[in-house]
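Please look at the structure shown below and keep it in view while reading. The paragraphs that follow proceed step by step from one chain to the other.

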Amino acid sequence: MNAKVRKKVNVTFTHIILIIVSLLFILPFIWMVSTSLKPITQVFTFPIEWIPDPFQWMNYLDAIEYIPFFTYLKNTVLITVLSTLGVIISCPLVAYSFAKLEWRGKNVLFVITIAVMMIPSQVTMIPLFLLFNKIGWVGTPLPLIVPAFFGVPFSIFLLRQFFMGLPDALRDAAKIDGASEFRIYWQIMLPLAKPAILAVGLFQFMGSWTDFMGPLLYLTDEAQYTLSLGLQQFQSQMGTEWGLMMAVATMMTIPIIILFFFLQKTFIKGITFSGIK
Amino acid sequence: MAQVTTSTHKKTLIQPTLRKPLRKSSLNGWLFASPWIIGLLLFYAYPLISSMYYSLTTYSILDAGEFVGFKNYTELFHDELFWKSISNTIYFAVFFVPLSILFGVSLAMMLNMKVKGLAIYRTIFFLPTLVPQVALAVLWMWLLNPGFGLVNGMLDSVGIQGPNWLGSMNWSKPSLILMSLWTIGQPVIIYLAGLGDISEEYYEAAEVDGASWFQKTRHITLPLLTPVIFYNLVMGLIGAFQQFTLPYTMTQGQGTPANSLTFLCHAYV
């Protein structure tokens, strides 16, 4: 067998394995989409009918009317966009300081930052709720947005690793030319860190978009609910509107799938670990 | 003696020149990091310390509570459910973390090969991570339903009587592990990034020496991926100990498989 043939066999073999594993991962997604197009009577038939007959497109229209879909969508977009903005403004700044600047207490603070990642959110949840309650933020989306502007440890960590990989020579050169520290950051380092910022932004976007616990805790007024909370409203004492629920879940998921599909390459480039050793 | 004087002499010479820029950059450093310093104090340190304080009082949401010292802890250590939840959490971590590393690294290695349609495969493997958690939990309850669930349906078609997954003592924990493995997307992405950092030259050199795929994996990929594996190991352990939303939504916090209640559900209730 010559090298060319062997390579072809290898590639085919890889494809076969990838396809089998993909099926396992895509199956539930397909179930979600398929259920979203079924009348309630077909949802739990056995054996499963993968292709609904007929396609119940009405589910989507019904779902939009069953919950105030567009209000929830607007709320979700608002919270997601603002908190992502917060993360991409604050985290690179802090990460740059950890990676490139020399200051007292830096190493201690960095170790604390890593340690903080390990604290389960449930531990801080109740005191944090009381804090936000005291300043009157419970019942507003502010607790879901404002903390992002003060940095998220995981994002700071990822960005720091990326900045560590950028050469110091760039900074030194700019320094000799008399650029201020902020100018070096803003005009040289930040543009170079684009892939990492994209990665961090996307992680935050996805987390915020599908977040359930946060909105459940802080949003009290139905007019402020997000889509992930809306999903729960299809469950009532009368039973669950599976088709409609999955229609909303599908509509919620598709935009992020598209986003991920187109950004995945840059996004993966943005995650570096060359800094840890 | 002479040496000492020269070294102190040197110090005084160097210090003034070093100190000045250091102080200035120190200020800059603090300024750049200031948002996080505030955030750390407000959103992490303060709540953590209050949580510790509350754990020493009879506090409940409605009642301010009084200081009782370590009474809560002694009570907790005498609570059978607490030890059960600890052992469940450890069980989960012990099985989940190695499995997730094994699956994660192998998936990432496959996704790192240069084949067509990679973007599609990568997106597919990330899908379960993108689906809303609530939908995910409902989906799994349905898939694992002993009566009409997909998994038992498939087992049935090959003549195996499937267990009562979530409702059974023996199977509820493996079910949770299975479900968690499914959302392996994020670690896979991180492994992929790590694989991308490995220089192509190593493989080319190995190729010249006639190394097999196995040898290349064993002697190049795995050693160079170690820091990333270590990172994911730590994150996986943290995640395993924080496992909350899934068991919580699946069992409603008190629910059917009470023995699957993990540590955190306990801390919360």
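**A guided reading of two chains**

Chain A is divided into domain 1, covering residues 3-59, and domain 2, covering residues 62-269. The model under discussion is a predicted one. Between the C-alpha centres of domain 1 and domain 2 of chain A the distance is 31 Å. The contact of these two domains takes 11 residues from domain 1 of chain A and 10 residues from domain 2 of chain A. On the domain 1 side of this contact, helix 1 and helix 2 (58-66) of chain A are the elements that give two or more residues. Helix 1 of chain A gives the most to that side, with 4 residues. Sorted by class, the side of domain 1 of chain A that touches domain 2 of chain A has 6 nonpolar, 4 polar and 1 charged residues.

In an unreviewed entry, it marks residues 12-33, 77-96, 108-132, 144-163, 184-206 and 242-263 of chain A as "transmembrane region". Two of these spans may be examined in the model. Residues 108-132 of chain A are 88% helix and 0% strand, and the end C-alpha atoms of this span lie 28 Å apart. Residues 144-163 of chain A are 65% helix and 0% strand, with 27 Å between the end C-alpha atoms. The unreviewed UniProt entry also places the feature "domain: ABC transmembrane type-1" at residues 73-263 of chain A. That span is 74% helix and 2% strand, and its end C-alpha atoms lie 22 Å apart.

The next step is the meeting of the two chains. Here 72 residues of chain A are in contact with 62 residues of chain B. Several helices of chain A each supply at least two residues of the side that touches chain B, among them helix 3 (69-100), helix 10 (194-210) and helix 13 (242-269). Which helix of chain A supplies the largest share of this side? The largest share comes from helix 1 of chain A, with 13 residues. By class, the side of chain A that touches chain B has 51 nonpolar, 15 polar and 6 charged residues.

Attention now turns to chain B itself. Chain B has 12 helices and 0 strands. Of its 269 residues, 31% count as buried. Among the contacts in chain B with a separation of 6 or more, 62% are accounted for by residues 24 or more positions apart.

One pair of helices in chain B shows how such elements pack. Helix 4 (residues 118-130) and helix 8 (residues 185-197) of chain B have axes 8 Å apart and pack at an angle of about 140°. Helix 4 and helix 8 of chain B are therefore oblique to each other, because angles count as roughly antiparallel over 145 degrees. Where they meet, F125(B), F126(B), P128(B) and T129(B) come from helix 4 of chain B, while G185(B), Q186(B) and V188(B) come from helix 8 of chain B. By class, this contact has 4 nonpolar, 3 polar and no charged residues.

Is G185(B) buried or exposed? G185(B) is buried, because 22 other C-beta atoms lie within 10 Å, and a residue counts as buried at 20 or more. Leaving aside its neighbours within four places in sequence, G185(B) is in contact with F125(B), F126(B), P128(B) and T129(B). From G185(B) to L237(B) the separation is 52 residues in sequence and 16 Å in space, C-alpha to C-alpha.

Notes: Residues numbered from 1 in each chain as written. Chains lettered and ligands numbered in written order. Predicted model: local features only at pLDDT ≥ 70, side-chain atom pairs only at ≥ 80, totals over all residues. UniProt positions renumbered as here; feature names shortened; annotations may be inferred. Contact = placed C-beta atoms within 7 Å. Nonpolar A, V, L, I, M, F, W, Y, C, P; charged D, E, K, R; others polar. Domains from an automatic or database assignment. Buried ≥ 20, exposed ≤ 12 C-beta atoms within 10 Å, placed from the backbone. Axes fitted to C-alpha atoms, helices over the stretch in contact; angles between N-to-C directions. Parallel < 35°, antiparallel > 145°, perpendicular 65-115°, else oblique.
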